[in-house]
Amino acid sequence: MSSSTEDDVKDEAEVAVHVPLKIRTHSVVGSSSDSDDYTTEVAGALVDVEGFCYADYRLEQYAHSVLDFSSQYGIDLSISYTAPNITGRPSKYPEYGDFPQTFAMRTYGDWWDKAPSRLKEIHPQSLPAVPSEDFIVLYFEDYVIPDEIAIFETFNPGAVIRIWSYTITKTWICLWEDTGFYTKPPCTANRARRFSPPLKRIHLPTKTIRLEFNHQRLHYYTEIDAVLMSGRKFNMGNLQTLLDFHERQRKGSILSKLQNMKFRPICKDNYQTRLQHFLDHDLDKFMSAVNEVQIKTPAKRQDSTRVSKVDLKDMPFDIVLKIFSYLDLISLFRVGLVSRFFYDVSTHPLLYSEINLKPYWHLASTELISTLAKRATVLKKLDMSWCGCTIQTVSPTEFKKFIQQRGDTLTHLRLNSSKFLNSSCIETIGIVCDNLRELSLRNCSLSPPLLNFSCLANLKNLDRLDLFQTVIEQDLLLTMLESNPKLKHLNLAFCNVAVNMDDVAVHISEYNKQLISLDMWKAHYLSAHGLLALSKCHDLEEVDFGWCLREATLGDSLKEFLINCPKIKKLFLAAVRGLTDRDLEDIANLCPNLEQLDLMGVLGISKERYYDILQKCKKLQLMDLSFCDNIMDYEVAMWSHNFNVNIKCCHVPNDIR
């Protein structure tokens with residue numbers, strides 16, 4: 001999937017300016033109201049140009065293309081459940097159901113957070129109240145000033161939590177956020193939804209929209225058919241005028257205060273004598289201006305009893321440092337502006353041993369990376385997922401410099417969907433970050449020429465490696481497995497089609513016997529031979545062979561695997577068409593610790609075998625029987641009630657995933 005954007009997107013992002021915008025409105029086609037001047041507070045600038053922002057008609061347009069996304073259920077070689085399905089007009093709405101012609105993502109609910117492979121968040125205090133788990137960025141053909149964005153949800157609606165707009169000022173603005181996500185009841189109605197939340201009013205044109213999702217409250221996979229953006233057509237003839245005006249309005253806090261003081265120093269052409277000229281002629285005027293704008297405070301009432309004054313500066317440094325350790329990253333920067341003492345505490349290296357920029361993907365920039373490099377001298381964990389996605393505000397050169405300065409102490413590095421990475425960045429990581437225990441590069445590159453993973457063979461201390469939807473050569477992957485015998489969690493889902501998973505399984509059985517979780521979802525070329533090899537990894541607690549292990553018959557390989565891996569808690573076998581009644585008997589008898597079981601799309605199994613699993617696997621919490629035959633809805637309801645198990649069972653008459 002291409003991650004490039006329109007031509008007007010530059011490498012460097014600018015800071016958003018929020019000042020009043022005075023415009024002349026125009027009546028929309030079909031309206032009889034006259035034009036009136038008015039002033040309103042919006043994300044724009046003070047302008048009173050006729051027709052400055054928009055033309056006098058509205059435009060409705062569906063998404064033209066997908067610029068970026070974090071995950072999808074389908075594979076790029078197929079058209080089922082892939083991100084491009086969200087473009088164009090709705091193909092299924094207002095029908096409700098599971099349709100391969102829609103866009104779906106990888107997860108639902110909180111089941112992945114309950115699995116043995118679950119991740120702990122880096123610097124969790126930086127996370128918003130409702131964290132985002134997935135995103136998709138959509139491109140529209142024409143610039144409009146948006147007043148409505150409609151999302152056509154055709155299956156399990158309710159995952160959208162934020163809508164962003166990338167404006168012509170090269171900044172992201174949040175148009176809507178679901179602040180009541182956890183307080184309101186989840187969507188349960190089994191019908192399609194045209195979701196059109198109230199948007200923040202802006203007067204800046206856009207043709208790039210970003211949707212963010214949280215799947216925690218979903219009963220099952222959500223699916224989206226299309227996205228419609230409506231708004232007033234922007235007058236492109238005034239584009240440069242608006243950009244020039246915004247550039248003139250970019251002022252820092254000091255310059256803004258000077259403007260409010262109405263202080264105008266006399267500037268000479270000779271730059272070298274400006275400071276001396278200011279001290280000689282303008283300093284007195286400046287001090288007078290400052291005194292005039294001072295806010296007079298009423299005299300404090302004198303109490304009869306004098307109390308000694310104690311402030312934060314009298315507290316031990318370590319205590320203040322501990323207090324500051326609970327602050328998120330933005331608060332740390334803000335509190336450093338209060339006083340010199342606060343600045344000294346807020347820039348202490350111990351406060352930057354963990355940095356999570358994923359929640360601040362829209363603010364991450366080359367300048368921020370440079371600043372953090374000065375503070376994070378003992379950096380251990382870094383998450384830069386989503387940073388630089390779609391709009392490259394992070395320079396690969398600056399990131400490489402950052403890694404060269406601080407990478408030798410890193411133990412955890414997450415760069416999921418970070419499109420600023422290039423071969424030089426990956427090479428630097430492989431050379432410098434030799435203490436890494438976790439490396440996550442999921443969805444970083446879909447094109448082999450973009451990244452060269454060869455230097456990653458230098459890493460020898462990994463216990464977690466995530467290569468979800470990346471392109472990696474088989475020889476390099478095998479070398480990495482040999483070099484990291486302590487590996488415990490390995491994600492190869494959606495991996496390069498040229499990688500033979502049987503060969504990978506044999507290598508794992510020889511060099512990575514401590515493995516706890518293995519994800520091969522929608523990988524290729526795994527057979528009964530590879531499954532038998534994996535049976536040597538006796539510590540396995542989680543495996544996902546969905547859409548991967550698709551042989552006509554497995555023989556005794558699954559039984560052998562389950563006998564030798566008694567710790568299995570999560571077993572995903574979606575669309576493994578070779579499963580038989582005997583295989584399900586083995587699951588019931590050999591998996592006493594089983595908590596999650598996915599049999600979606602498995603056919604020809606008698607319902608008695610499902611009942612056996614429910615009866616014998618006492619710890620079972622989740623069971624996916626969607627698109628399985630020989631099951632009636634009333635039986636599923638009865639089983640779910642009697643065994644207290646969350647059973648998924650969709651019988652929508654569509655193509656199986």
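I began with Arg550, which at 44% relative accessibility counts as partly exposed, because the partly exposed class runs between under 20% for buried and over 50% for exposed. The model I am reading is a predicted one. I placed Arg550 in the loop between strand 19 (542-544) and helix 13 (557-564). Leaving out residues up to four places away in sequence, I found that Arg550 touches Ala575 and Arg577. Arg550 and Ala575 stand 25 residues apart in sequence, while their C-alpha atoms are 7.1 Å apart in space.

The largest nonpolar core holds 111 residues, and within it Phe545 and Met623 touch the most other members. Helix 10 (residues 474-483) gives this core its largest share, 5 residues. Apart from this core I noted another, of 56 residues, with Ala104, Val144, Ala159 and Phe627 among them.

I then followed Met623, whose contacts, not counting residues up to four places away in sequence, include Tyr610, Ile613 and Leu614.

Last, I turned to the surface, where Leu279, Leu283 and Met287 form a nonpolar patch with about 240 Å² of accessible area together. I found Leu279 in helix 3 (residues 274-293), and at 42% relative accessibility Leu279 counts as partly exposed.

Terms used:
Residues are numbered from 1 along each chain as its sequence is written. This is a predicted model: local features need pLDDT of at least 70, side-chain atom pairs count only at pLDDT 80 or more; totals for chains, interfaces and linings use all residues. Side-chain values use heavy atoms; hydrogens and water are left out. Patches are made of residues with over 30% relative accessible area and no salt bridge: like charges are joined within 9 Å, nonpolar side chains (Val, Leu, Ile, Met, Phe, Trp, Tyr) within 5 Å. Accessible areas come from the Shrake-Rupley method with a 1.4 Å probe; for residues, only the protein chains shown count as cover. A salt bridge is a side-chain nitrogen of Lys or Arg within 4 Å of a carboxyl oxygen of Asp or Glu. Helices (H or I, at least four residues) and strands (E, at least two) are DSSP runs, numbered from the N terminus. Buried means under 20% relative accessible area, exposed over 50%, partly exposed in between (1.4 Å probe, protein chains only). Contact means heavy atoms within 4.5 Å. A nonpolar core is a set of buried Ala, Val, Leu, Ile, Met, Phe, Trp, Tyr and Cys residues joined through side-chain atoms within 4.5 Å.
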